[in-house]
Amino acid sequence: MSDASSLREITGSEFRDDELLRTALTHPSAVPDESTSARHNQRLEFLGDAVLQLVLTSELYRRYPALAEGAMTRARARLANRRFLAEQARRLRLGEHLVLSRGEEAQGGRDRSSILADAFEALLGAIYLDAGYEVARAFVLRHLEAHLQTAAVIAALDNPKGALQELLQSSSIDAPEYHVTNVSGPDHARQFECAVCHGGRELGRGTGSCKKEAEAMAAGAALERLREAEGAAGAGQTLNLKSSTSPSRTM
């Protein structure tokens with residue numbers, strides 16, 4: 001693992017159990033003997049996922065009393081999404097601290113989304129075991145706070161696909177198009193990933209247990225992106241949503 005000071009900066013606290021921290025950052029490829037599962041991070045990832053779900057559920061329930069169950073579920077799904085967690089791990093430069101096999105590292109494992117998402121959850125599980133729920137909660141909020149409000153606002157929309165179409169068609173006759181980009185998981189627990197495009201540009205992606213849910217999540221991600229772009233454009237400027245084949249025009 002890398003130096004302790006940078007790890008303290010990531011976790012926000014001193015780890016009393018250094019071995020627990022090492023285990024959280026150890027990928028199964030570095031422990032080839034399956035009988036030694038306690039030495040890699042899969043069990044901690046399982047625990048961290050549960051802690052993350054509890055923190056997000058509690059925060060959404062407490063902060064947004066007007067949100068219905070379905071909206072809270074959608075908001076939580078956005079924040080616990082594997083792709084999103086991998087992005088947070090990259091922002092924390094967590095990949096630099098991972099313990100990987102030589103083969104996994106040679107294949108780009110330090111930047112692989114699935115590995116990074118697992119490491120983020122495993123680290124959360126280790127923080128929970130080492131310091132308790134309140135410290136684990138503080139870790140989650142420190143890194144996801146900025147996204148909680150946005151996720152809740154998007155999730156509160158009864159029809160994110162309709163809202164996206166209405167926004168886009170205010171300046172374009174073209175309707176957004178949805179495409180399934182990936183299907184994973186066993187038959188009884190399928191995970192769909194969908195992308196929404198407009199004018200030849202991808203606006204957002206989302207995942208869900210069915211195609212409809214994934215499309216709704218993609219529409220919510222697109223709405224979030226468009227509104228962020230509109231805000232970044234500054235006062236007095238208009239966000240141009242019209243279709244264009246010119247590669248020089250961007251959001």
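**Exercise 1. Is glutamate 59 buried or exposed?**

Before you start: this is a predicted model, where local features need pLDDT of at least 70, side-chain atom pairs count only at pLDDT 80 or more, and totals for chains, interfaces and linings use all residues. Residues are numbered from 1 along each chain as its sequence is written, and side-chain values use heavy atoms, with hydrogens and water left out.

*Solution.* 
- Step 1: get the cut-offs. Buried means under 20% relative accessible area, exposed over 50%, and partly exposed in between (1.4 Å probe, protein chains only).
- Step 2: apply them. Glutamate 59 has 2% relative accessibility, so it counts as buried.
- Step 3: look at its partner. Arginine 62 makes a salt bridge with glutamate 59, at 2.7 Å from N to O. That label needs a side-chain nitrogen of Lys or Arg within 4 Å of a carboxyl oxygen of Asp or Glu.
- Step 4: compare the two ends. Arginine 62 sits at 52% and counts as exposed.
- Step 5: Helices here are DSSP runs of H or I, at least four residues, and strands are runs of E, at least two, numbered from the N terminus.

**Exercise 2. Find which parts of the chain the salt bridge of arginine 63 and glutamate 145 ties together.**

*Solution.* 
- Step 1: check the contact. The two side chains meet at 2.7 Å, N to O.
- Step 2: locate the ends. Arginine 63 is in helix H3 and glutamate 145 in helix H8 (residues 133–155), so the bridge ties together parts 82 residues apart in sequence.
- Step 3: Arginine 63, at 25%, is partly exposed, and so is glutamate 145, at 34%.

**Exercise 3. Trace glutamate 193 from the sheet to its salt bridge.**

*Solution.* 
- Step 1: Strands count as paired if DSSP finds at least two bridges between them.
- Step 2: zoom in. Seven bridges join E1 to E2 (residues 191–198), and asparagine 182 has glutamate 193 in E2 as its bridge partner.
- Step 3: follow the side chain. Glutamate 193 forms a salt bridge with arginine 83, the closest N and O atoms being 2.4 Å apart. Arginine 83 belongs to helix H5 (residues 82–91), 110 residues away in the chain.
- Step 4: Arginine 83 is partly exposed at 38%, while glutamate 193 is buried at 11%.
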